[in-house]
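Hi,

Here is the structure I promised to pass on.

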Amino acid sequence: MEWELTEVPGNLTTSIQDSTVDVVAAKIESKLANTLIRQLSHICPLENLRHVKRVRRRTECGKSELSIILCLSTGYETCSKQIPDDVQKIVDTYHLNPFAAKVSKRPATSKEEWEEQCKLWPTSYHPAHDLDIVRGFREEELPSIFNCMKTAIQLSKVGNTAVIVDPSSTQIIAKATDQTHQHDTSEEGNKFSEVRADDTCSLSEPTDNDGNLLLPRFFLSKPNSLNMEVSCINPWGWTKQRTMEQKPLPSKGCFAWHPLRHAAMVAIENAAERDRMMFPSSTSITKPDSNGNLENYNEPAKRLKTDTKDKEQSADESCCSDLSETSRPYLCTGFDIYLVWEPCTMCAMALVHHRFKRVFYALPNPVNGALGGVYRLHGEKSLNHHYNVFRVSVPEAYLNGLNDGSKQC
């Protein structure tokens, strides 16, 4: 097996029989087709079935026959009770014989799905001209995607790892490991969480002094087994190691470890810290202090994504403003995040709130996975932001090579 990238759909593809709706149709003469289409479109439009063609042509026994959809089915056993009064008048006027039929509930997303739909009733199919938009990535991006996932795997010592990358430059914005246990606060566990803006996804493999490949600890056992030290898999695991001495340790105004400091959450925090360092505040507001006196407070000026029609105006503004402010990111808009393990619901929602563009993970989370393992949060239509999700299949030869190298260490 080689490195592979597989999209994780937001909604599972159901069979054609499970995604149909009942309608009432009738056979008609070809000379009546235009007249009936006009009348029915006015009386009973198919608002939610715009992809379904009103008329179907079939050849039976060497003879071409036309059928037209009269209306949606109301669920009654007999067709006469399912037809509205206005449509019934048309049926009586043209002496039609209604019958029940099934049509596809939603438009086809592929040619194969469209062909299956047309076996029930003809539908329209409009394939996307840009396949890269449908897939969410370009072929030339694959080497960079795989290298970024290698970087995440290399950084994973205990638990999960998150690496935030700007896909336009393959620059590492932030990276972090799980910090839900006190042993995660060691220098080795934290050094991968430091904010560094000059990193790019490395092509090299981690080696020891003898040149042997080093292996993240979770690969030392069976590659397909669950690692219960991963916070997204075992969010209550920190309670088993809790002692009187193991309390959240303050670190620069926050906690060096905390039950909620999953890798993705820490990486997002590091990305925000990077923004504060690279793009200092330029706006100030006046707020009252504890004594009621007014004081000036600096607040970061986040820039929302500009619309296409405002590009010309934005270009004029950028000439008069600081260059750093014009390029300041809004949260993590447009960034990718690479996770060794599939995130839990908490982390997946954090990725929604911070406007990530794509999420990549290597290993599924069958216990609490929110992006395919158990739930498919990215397919929830009620969310105000959606990202594409992909699983990176890691070759066994790559893992075996790492295992061989680690055994020699």
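This is a predicted model: local features need pLDDT of at least 70, side-chain atom pairs count only at pLDDT 80 or more; totals for chains, interfaces and linings use all residues.

Below is what turned up on the core and the helix packing.

Numbering runs from 1 along each chain as its sequence is written, and side-chain values use heavy atoms, leaving out hydrogens and water.

The largest nonpolar core has 58 residues, and Leu5, Met149, Ile164, Ile337, Tyr338 and Tyr387 touch the most other members. (Such a core is a set of buried Ala, Val, Leu, Ile, Met, Phe, Trp, Tyr and Cys residues joined through side-chain atoms within 4.5 Å; buried is under 20% relative accessible area with a 1.4 Å probe, protein chains only.) Among the elements supplying at least two residues each are α5 (142–155), β6 (161–166) and β12 (336–341), and α5 gives the most, with 8. Helices here are DSSP runs of H or I, at least four residues, and strands are E runs of at least two, numbered from the N terminus. A second, separate core of 17 residues includes Leu32 and Val91.

As for α5, 12 of its 14 residues are buried, so the rest of the structure largely encloses it.

Then there's α8 against α11: their axes (lines fitted to C-alpha atoms over the stretch in contact) sit 9 Å apart at about 30°, so the two helices are roughly parallel, meaning an angle under 35 degrees between N-to-C directions. Ala264, Met265 and Ile268 in α8 meet Met346, Cys347, Ala350 and Leu351 in α11, with contact meaning heavy atoms within 4.5 Å.

Cheers

Note on methods. Buried means under 20% relative accessible area, exposed over 50%, partly exposed in between (1.4 Å probe, protein chains only). Axes are lines fitted to C-alpha atoms, for helices over the stretch in contact, and angles run from 0 to 180 degrees between N-to-C directions. Angles under 35 degrees count as roughly parallel, over 145 as roughly antiparallel, 65 to 115 as roughly perpendicular and the rest as oblique.
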